[in-house]
Structures are given as structure tokens and as C-alpha cells.
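These are my notebook entries on what I looked up in the structure. I record strand pairing and then aromatic rings.

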Amino acid sequence: MFAMNSKYIRLFFSANLYFLLILCIPLKACERKEVKLKQQSIILQHFDGDSIKVSANKNYKKNKVHNFLFGKHHRDLWAQPVTVEVFDINKERGGYKILKKGGSLQTLNLRLLNSDGKEYVLRTVDKDHSKVLPRLLRPTFLSPIFQDQTSALNPYASLIIPPLAEAAGLYHTNPKLYYVPYDTSFGTYIKEFAGRLVIVEEHPGDTWAGEEKFGMPDDIVGTDDFLEARYQDQSVRVDRLFYAKNRLFDILIGDWDRHTDQWKWGKKQLTNGEIFYWPIPRDRDMAFYKFDDGFLTFLALYFNPKFQTFHYDVQNVRGIIKNAYYLDRRILPTITREEWQQIALELQTGITDSAINYAVKQWPKEIYNMIGKETAAKLKTRRAQLPQIAMELHNIINEHPIITGTDKSEYIEVVRKPKETIVSVYEDDSKEVVMYQTSFENNLTKDIEIWALGGADEIFVTGEAKKGILIKIYGGEGYD
């Protein structure tokens with residue numbers, strides 16, 4: 001009887017879902033026409049000289065009932081007119097040539113090449129969050145709801161990152177805010193970009209090789225290329241401590257969206273034969289996020305805690321690192337507690353009060369007057385918490401670490417002891433060259449994944465412990 005009732009319940013909800021889909025298609029069509037008209041009205045604005053006063057998107061401004069349900073977010077910032085420089089594609093940095101259109105699922109961008117042969121990216125400040133929905137659901141009432149949540153972003157977040165990163169000793173791009181006029185030089189892209197606020201910044205890649213601002217690399221590659229090299233070649237090394245410093249900085253500014261595509265990697269061939277990689281972060285749109293101030297959005301955090309609001313206190317370290325967990329598990333497990341504390345201290349020392357006060361003043365004055373002092377106060381409070389955050393981050397990463405070999409033939413040794421488990425990876429059975437070695441606490445680490453990958457690997461597990469860590473060994477290709 002229960003199975004039959006469950007079947008009817010599923011059929012009932014399925015039928016109603018399809019009814020809503022059909023019902024809302026004309027609503028979506030009307031909404032698209034309305035948005036198109038609003039965009040056209042923006043395009044036709046007149047401006048004098050080289051600047052214009054315009055808001056990022058005043059349509060996110062809603063009534064009290066809407067704000068109660070879906071959050072007030074940063075709607076005031078989106079609606080606030082700011083004075084912005086007008087983008088002249090033929091004059092900025094000697095003039096730009098459009099290479100191609102790109103962007104993620106939610107953001108439009110253009111890849112640009114300047115007269116010096118350097119690549120830049122122009123991306124829209126506003127996003128289309130409705131595109132995260134399955135295609136079938138996009139013409140429904142859910143689409144404007146998801147789009148509305150763009151208001152949780154601070155549209156000017158990235159503008160204050162450079163001085164903060166500089167004070168922290170980290171690499172960074174240098175975003176600049178512009179307004180795109182109706183300029184025929186944009187060719188076929190004019191309808192998509194005219195009338196919009198955009199960010200223009202360096203696009204770290206091979207055209208930026210040798211540049212001091214990114215560490216004078218021989219080349220700059222994406223995460224996929226970096227990981228492919230790491231898994232193929234024993235001579236590849238990554239600056240784990242520097243990556244850890246970047247990750248702690250991410251948490252300081254509340255940037256929860258640090259997935260693999262948000263990183264580039266500097267590459268340099270060292271004189272000892274090693275190939276050295278280090279992280280270059282990009283795309284800081286999710287810093288200073290504000291999401292948990294609506295009834296429904298607060299409930300959504302229960303199902304997806306990654307959408308962390310930039311409060312005085314870091315609310316949920318496990319949630320804020322969710323999007324970066326894939327990389328974190330592979331790079332950070334070898335960082336010791338002492339090293340994490342040293343990194344936290346370096347950030348506290350480098351990012352001074354004056355550095356923070358200077359950084360927030362890089363926002364348009366209208367935005368600084370609204371949230372500048374409050375943001376500075378939050379940064380200073382979060383900075384004081386960095387040692388505790390570092391310890392929590394260490395503990396989370398070391399619960400389920402991943403240790404990898406390469407496609408060559410490694411010698412991997414696991415030694416169980418009463419209180420710890422030591423994992424060592426050597427280039428071969430001579431044990432002369434240690435690729436890395438780390439110790440895991442038996443009462444903290446729940447399991448260790450060892451991926452030997454290709455090659456004829458040798459893996460030895462020795463020793464005893466009353467309550468040992470579960471060791472998961474994946475030999476991979478090759479005779480192990």
C-alpha cells in the first residue's frame with residue numbers, strides 16, 4: 001500500500017511540475033522582452049567626456065517582502081549610480097584587438113590583445129545565474145529567482161583585491177571598472193556588451209611569461225595542464241606553502257568560489273632539473289558575498305553551505321572551502337600545523353590596518369561611503385582569527401588527504417605508529433630522492449587515499465597501531 005501511495009505521490013508532483021513549466025513559459029518570454037527594453041534604455045544613455053554615472057543593475061532593487069524571502073543582499077550597491085570611466089577599445093593601453101568571445105556559464109567575456117602583445121579579458125559585472133539551471137527549467141519561474149540571486153555578489157568586489165594581495169605578498173591581476181558605450185568597434189559583439197559595466201584585467205597566460213608581476217615565469221598554464229604535468233613527471237614540484245597562503249587569504253576576503261578554473265600556474269625550469277609551479281589566482285567576483293539575510297536563502301545554506309556571507313566572523317570553514325576541496329586535498333596535506341601558524345602570522349603582519357584602509361578606498365567613492373568602513377572593520381576582525389582558521393583548515397584537509405605518485409615507478413612507504421602514520425613517496429626504491437613525506441595523526445585522519453598512477457610502483461605498509469588510519473591504495477596502470 002505504501003509503495004502504491006508513493007507512486008501516486010510522485011506522479012502527482014511530476015504532473016504539477018510539468019504544468020508549472022508550461023504555465024511559466026509565456027511569463028519568461030515577457031520577462032525577456034522587459035529585460036531587453038531595459039537594456040536598450042541603458043545603451044541609449046548619453047555621457048559627457050570620458051566618464052558616466054550609471055548603476056550596475058538597478059533592477060535588483062526589490063520591495064520589503066521580496067527582500068525578506070530572498071535577501072536584501074547587495075541590492076543597494078547594484079542600484080547605486082557610480083562614476084565610471086567610459087571604455088575606449090581603440091585607445092586603452094594602446095588599443096585592443098578582440099580575439100574571441102568566451103566566459104563561463106554565467107559570465108560574458110571577450111579576450112583582448114593590446115598593442116604590446118599582452119592578453120586581457122573584458123568581462124561583464126552582471127551575471128546570468130539562471131544558466132546554472134537545467135535547460136528544461138530555464139523558461140520557468142525558477143529562472144528569474146536564480147537570476148535575482150546575482151544580487152548577493154558585491155559588483156565591485158575585485159577592485160580592492162590588488163592592494164590587499166600586494167600587502168600579503170601574493171600575485172594578482174589588476175581589474176579596472178569601465179562602462180561600455182555603443183561602439184561599432186565591438187563589431188558583432190556590440191549588442192551583448194554595450195550599456196554594461198565591465199571589468200578589464202590581465203589574462204594570465206603565455207603572453208605574460210617573464211613578467212615580474214607574476215613571478216617571472218617561463219610560462220603560465222591552467223590547472224589541468226599543471227596537474228597533467230604533475231602526474232606525469234617526477235621532477236615537478238609545486239609551492240605548497242604559497243598555495244596555502246593563497247587559500248588562507250581567500251578565506252580572509254570571503255572568496256568561496258576557488259574551483260580549478262579560478263587558478264593559473266606559473267612555471268619555471270630550475271637549474272637542478274626540477275620544474276617548479278606556483279599559483280596565480282584570478283576572478284575575485286565572489287569575495288565579500290552576502291547571501292544569508294533572506295528567509296529562503298538562509299534555509300538554502302543548510303543544503304549548500306558554500307555560499308558564505310562575509311561576516312565579522314568566518315561562519316563555516318568547511319563550507320567556504322567546498323569548491324576548492326579537489327585541489328586542497330591534493331596540495332595541502334603535507335602542510336604541518338606549525339607551517340599553517342607561520343602562514344597566518346605572515347598574513348597578519350603583512351596586511352596592516354593602513355593596507356586595509358587604503359584598499360577599501362579603491363572602490364568608487366559612492367560605494368566606499370556605503371560599505372567602506374564596515375568592510376575594513378570586518379577584514380581586521382577576520383585577520384585576527386587567521387591562526388584559528390588555519391588550524392581548522394588543517395584539520396579538515398587532513399581528515400581525507402590524497403597522496404599521489406606519477407606515471408613513473410615510485411616507491412611508496414606507509415609506516416603505522418601508535419599515534420601517527422607516516423607516508424613517504426620516493427622516486428625509486430633507492431629512496432635517495434624524497435618527492436614528499438608527511439605525518440598524519442591517527443586520531444584526526446579518517447582515511448588516506450594513495451594513488452600510485454602509472455608505472456611499476458612498489459607500495460609497502462608496515463607497523464602496527466591500536467586504532468590505525470584506513471589506507472586506500474589505488475595502484476593504477478602498470479605492474480605494481
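I looked up Arg416 and found that it stands opposite Gly463 in β17. The model is predicted, with local features needing pLDDT of at least 70 and side-chain atom pairs counting only at pLDDT 80 or more, while totals for chains, interfaces and linings use all residues. Residues are numbered from 1 along each chain as its sequence is written, and side-chain values use heavy atoms, with hydrogens and water left out.

I noted that β13 and β17 (residues 458-463) run parallel and are joined by 6 bridges; strands pair if DSSP finds at least two bridges between them. Strands are DSSP runs of E of at least two residues, helices runs of H or I of at least four, numbered from the N terminus. Strand β13 (residues 411-416) also pairs with β14 (residues 420-426), in the antiparallel sense, over 6 bridges. The two form a hairpin with 3 residues between them. In β14, Ser424 is the bridge partner of Glu413.

I then searched the whole structure for aromatic pairs and found 26. Rings of Phe, Tyr and Trp (its six-membered ring) pair if their centres lie within 6.5 Å; planes under 30 degrees apart count as stacked, over 60 as edge-to-face and the rest as tilted. Phe288 and Trp363 are edge-to-face, at 5.9 Å centre to centre and 75° between the planes. Phe288 lies in the loop between β11 and α9 and Trp363 in the loop between α13 and α14, so the pair ties together parts 75 residues apart in sequence. Phe288 counts as buried because its relative accessibility is 3% (buried is under 20% relative accessible area, exposed over 50%, partly exposed in between, with a 1.4 Å probe and protein chains only).
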